[in-house]
Amino acid sequence: MLRIGLTGGIGSGKSTVAALLAERGAQVVDADRIAREVVEPGTPGLAAVAAEFGEGVLAADGALDRGALASIVFGDTAARARLDGIVHPLVRARAAELVAAAPADAVVVQDVPLLVETGQAGSYDLVLVVEADPDTRVQRLVGRGLSAEDARARMASQASDEERRAVADVVLRNDGDRAALAAEVGRFWDERVRPALG
Ligand code: ADP
């Protein structure tokens, strides 16, 4: 098994790179998706969040009211840390289960937006970082429905390009069109993934 940790700032193109790697046969384990699954209705994760932050974080149908939770943790570092303390271990445990279930010859790509922020670089055979010019990222995020202001605020709250580059084995630039990104991913696959598989 080859374990690749994929990261990059919001709007850099991680999910797009993950999809391109999946086309080549990689198994993608998506941390954002798992983070939603571990607080679905009926999960111990959601029960723990409600016990910590009160029933007010539950919508009428028993699902997590993300807006209510966000307004509690937004700007409150201690509350944010308590939430992360519940959710992050559950995400890691579920991701580990999915990785353990993959075949021995699999290329497993873990898409982890906060890989650098949460100090996980050492858990992978290869750390792949996607980078793009900040203005391009804002434009793309606006295209995805975010306001430019929100996009910049989220970018500012994350690790910097320098911090991500410091732990990267490979950096993919995503400043061009989708075809250029696909070509970069193809090169990465041929030069770094195939040889590692032997
Ligand atoms: P991330 O997962 O890092 O937040 P995404 O892969 O979701 O980033 O990309 C952000 C947005 O930009 C998405 O809407 C995506 O479709 C678009 N996008 C990504 N790469 C390119 C590209 N090279 N050209 C045009 N649009 C792109």
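**Reading a predicted fold, step by step**

Student: Among contacts in the chain between residues at least 6 apart in sequence, what percentage join residues at least 24 apart?

Tutor: In this predicted model, 72% of the contacts between residues at least 6 apart in sequence join residues at least 24 apart.

Student: In what order do the strands of the open sheet stand, and with which pairing?

Tutor: The five strands of this open sheet are ordered 2-3-1-4-5, and their pairing is parallel. Strand 2 (27-30) and strand 5 (170-173) each have a single partner strand because they stand at the edges, so one side of each is left without a neighbour in the sheet. From one strand to the next, the twist averages 25°.

Student: How many bridges join strand 1 to strand 3, and which residue is the bridge partner of Gly5?

Tutor: Strand 1 (residues 2-8) and strand 3 (residues 107-111) run parallel and are joined by five bridges; Gly5 has Gln110 as its bridge partner, and Leu2 has Val107. Strand 3 also runs parallel to strand 2, to which four bridges join it, and there Asp30 stands opposite Asp111.

Student: Is strand 3 enclosed or exposed?

Tutor: The step to follow here is the cut-off, since a residue is called buried when its relative accessible area is under 20%. Five of the five residues of strand 3 are buried, so this strand is largely enclosed by the rest of the structure. Val107, Val109 and Asp111 point one way from the strand, whereas Val108 and Gln110 point the other way. For the chain as a whole, buried residues make up 40% of the 198 residues.

Student: Where is Gln120 found, and which residues does Gln120 touch?

Tutor: Gln120 is found in the loop between strand 3 and strand 4, and Gln120 is buried, because its relative accessible area is 13%. If residues up to four places away in sequence are not counted, Gln120 touches Arg92, Val112 and Leu115.

Student: Which strands does helix 9 lie across?

Tutor: Helix 9 (residues 178-197) lies across strand 1, strand 3, strand 4 and strand 5, and runs at about 160° to strand 5.

Student: At what angle do helix 4 and helix 5 pack?

Tutor: Helix 4 (residues 66-73) packs against helix 5 (residues 77-101) at an angle of about 130°, and their axes are 7 Å apart. That angle makes helix 4 oblique to helix 5. Leu69, Ile72 and Val73 of helix 4 make the contact with Ala79, Arg80 and Leu83 of helix 5.

Student: What is the accessible surface of the chain, and how much of that surface belongs to carbon and sulfur atoms?

Tutor: The accessible surface comes to about 10,300 Å², and 51% of that surface belongs to carbon and sulfur atoms.

Technical notes. Residues are numbered from 1 along each chain as its sequence is written. This is a predicted model: local features need pLDDT of at least 70, side-chain atom pairs count only at pLDDT 80 or more; totals for chains, interfaces and linings use all residues. Side-chain values use heavy atoms; hydrogens and water are left out. Two strands pair if DSSP finds at least two bridges between them. Helices (H or I, at least four residues) and strands (E, at least two) are DSSP runs, numbered from the N terminus. Axes are lines fitted to C-alpha atoms, for helices over the stretch in contact, and angles run from 0 to 180 degrees between N-to-C directions. Contact means heavy atoms within 4.5 Å. Buried means under 20% relative accessible area, exposed over 50%, partly exposed in between (1.4 Å probe, protein chains only). Accessible areas come from the Shrake-Rupley method with a 1.4 Å probe; for residues, only the protein chains shown count as cover. Angles under 35 degrees count as roughly parallel, over 145 as roughly antiparallel, 65 to 115 as roughly perpendicular and the rest as oblique.
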